[in-house]
Amino acid sequence: MTQQPPRMTTTAGAPIADNQNSLTAGPRGPVLMQDYQLMEKLAHQNRERIPERVVHAKGWGAFGTLTVTHDITRYTRAKLFGAVGKKTDLLIRFSTVAGELGAADAERDVRGFAVKFYTEEGNWDVVGNNTPVFFIRDPLKFPDFIHTQKRHPRTNLRSPTAMWDFWSLSPESLHQVTILMSDRGLPPSPRFMNGYGSHTYSFWNDQGERFWVKFHFKTQQGHKHLTNDEAAQVVGRSRESYQEDLFGSIEAGDFPRWTLQVQVMPEADADKTPYNPFDLTKVWPHADYPLIDVGVVELNRNPDNYFAEIEQAAFSPSNVVPGIGHSPDKMLQARIFSYADAHRYRLGTHYEALPVNQPKCPVHHYHKDGAMRFFRNDTGNPDAYYEPNSLGGPAQDPSVAEPPLRLSGDVARHDHREGNDDYSQPRALFTLMDQGQKSRLFANIAAAMQGVPHAIVERQLGHFAQVHPDYAEGVRRALAQATDAARPETAVP
Ligand code: NDP
Ligand code: HEM
């Protein structure tokens, strides 16, 4: 290289003469207090870590585009769906749920599938998973559920006992547990899995009509899975198999794609379905609400700086845009609060101004000071720093008001288990599995139950039996066959 490299400077911009030798009194030292560059390098290093996400800490991400292939403007006025052929930039971060930042990638877990669409009317985030349902349907249980997935306070080990104790006491988890323990619970890379918004959201159109909607991202790479034994080999070779695969394939120009589809339910249908369409432990059967094609999502650019663009990415179900709204789903309602709160703690007050989170449209708000106030609100008028004002400052736009939603009901802590069928949909899933899939399901469950007390196992088998007698029988057989059953050292509390 003949070109001179750029001159190295301090963070204040002054040129640096020597970045190899500390400033010392004589060649043997000691160092002088006035070597500010040394102090600053050490001090900066001490601040290189931020809190990891409380869940979904380990992740992989890339940038890309949504290209609209079908017209859905009769359902939504969202600008990103405004015309066939329209492209919108996006970011996807995939993740596992329970593992910490350094966890191995090829572990059995639900995978996060978080998409940020940088639309012309603001950022829209679909913060979903690779499963269409979830373990619980009431957000009051979320912290307890997550405690069972993370480390035991005394042993500092993951506790299968805690997991199965909680699951067996929470039969609404059966659907998700069945998916987690099936082939789909361990994809070899994010490229080979679907994404689901999971919750019911809403669409509203130019006529002010509301529709309930579910989002599906179907992999165009096809489904693949690892068996537990294959995964152990992968982890033995590399703990970073997802990063290698995703980064490597995009770097090689082999861009992964997903077909974006929606299920749409007219607003009034919500009172007619035999299941609660706002229950996150349930899907909408395709026969009732068929998949409608919308577009193609492609990932085609790796981040230049993982920390800046993936670790600092802040996704939140609160981020919707005109034409897309929420629903009465209790879990979704709680998530609307929880994510932005997590970001303020993890990243800082003005996290939305970080380049990766910054909308690609004008931003005019009146939030004022605080850590990271490094950006301008370019309204052209510094005197208009409150609202309302008579200075021509940014003003609300009633044309983007969501149509009103009629709600009713007694305020109470309603029992979410009452009259709720937790078994039919897991049964529909179990029934569509072939014999090989079922055998692996049984074996995976038996492996995950090693060391779990008998009473808890029996309670869970009782639930499997209500899904299908073959389900309970298969797991019972696999438990009996598990070679390393009841090793005392695996019997953690
Ligand atoms: P369908 O036969 O129309 O759909 C079956 C769905 O199951 C397909 O979307 C398929 O996904 C998916 N699937 C296949 N194997 C697995 C697995 N091991 N784990 C998770 N999903 C799998 O039936 P219904 O719509 O009536 O649903 C029946 C059951 O299918 C549900 O109870 C639910 O468990 C599961 N399912 C349903 C979805 C829905 O939105 N209705 C979505 C995903 C799963 P793919 O097309 O990607 O192969
Ligand atoms: C991450 C809370 C349910 C998908 C997180 C984070 C919190 C959280 C606090 C960390 C955010 C951060 O620090 O950036 C909750 C609560 C839930 C819930 C309170 C239920 C009441 C769900 C469900 C899904 C989901 C149902 C999927 C359908 C994700 C994903 C991430 C995440 C994908 C990682 C986002 C990223 O890549 O940055 N959740 N969660 N969560 N959650 Fe949830």
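The UniProt annotation "binding site", taken from an unreviewed entry, covers Tyr-339, with positions given in the numbering used here, feature names shortened, and annotations that may be inferred rather than shown by experiment. The model is predicted, so that local features need pLDDT of at least 70 and side-chain atom pairs count only at pLDDT 80 or more, while totals for chains, interfaces and linings use all residues. Residues are numbered from 1 along each chain as its sequence is written, and chains are lettered from A and ligands numbered from 1 in the order in which they are written.

Tyr-339 lies in helix H8, where helices (H or I, at least four residues) and strands (E, at least two) are DSSP runs numbered from the N terminus. With 19 other C-beta atoms within 10 Å, Tyr-339 is partly exposed, a class that falls between buried (20 or more other C-beta atoms within 10 Å of the residue's own) and exposed (12 or fewer), the C-beta atoms being placed from the backbone. Residues up to four places away in sequence not counted, Tyr-339 touches Val-127, Phe-315, Ser-316, Pro-317 and Ser-318, contact being assigned if the C-beta atoms of two residues, placed from the backbone, lie within 7 Å.

Helix H8 (330-346) is also one of the elements that each supply at least two residues of the shell around ligand 2, together with strand S2 (87-96), strand S3 (111-119) and strand S4 (122-129); H8 gives the most, with 8 residues. In total, 28 residues surround ligand 2, the closest being His-56, Arg-93, Gly-112, Pro-139 and Ser-198, where a residue is near a molecule if its C-beta atom, placed from the backbone, lies within 6 Å of it. By class, this shell has 15 nonpolar, 9 polar and 4 charged residues, with Ala, Val, Leu, Ile, Met, Phe, Trp, Tyr, Cys and Pro counted as nonpolar, Asp, Glu, Lys and Arg as charged, and the others, Gly among them, as polar.

A further annotation of the unreviewed UniProt entry, "active site", covers His-56 and Asn-129. These positions span 74 residues in sequence, yet no two of their C-alpha atoms are more than 10.4 Å apart, so they gather at one spot. His-56 is found in the loop between helix H1 (36-46) and strand S1 (59-68), and it is buried, with 22 other C-beta atoms within 10 Å. Leaving aside neighbours within four places in sequence, His-56 is in contact with Ser-95, Val-97 and Gly-112. Asn-129, placed in strand S4, is likewise buried, with 24 other C-beta atoms within 10 Å. Among the residues that Asn-129 touches, those up to four places away in sequence not counted, are Gly-112, Phe-113, Tyr-196 and Ser-198.
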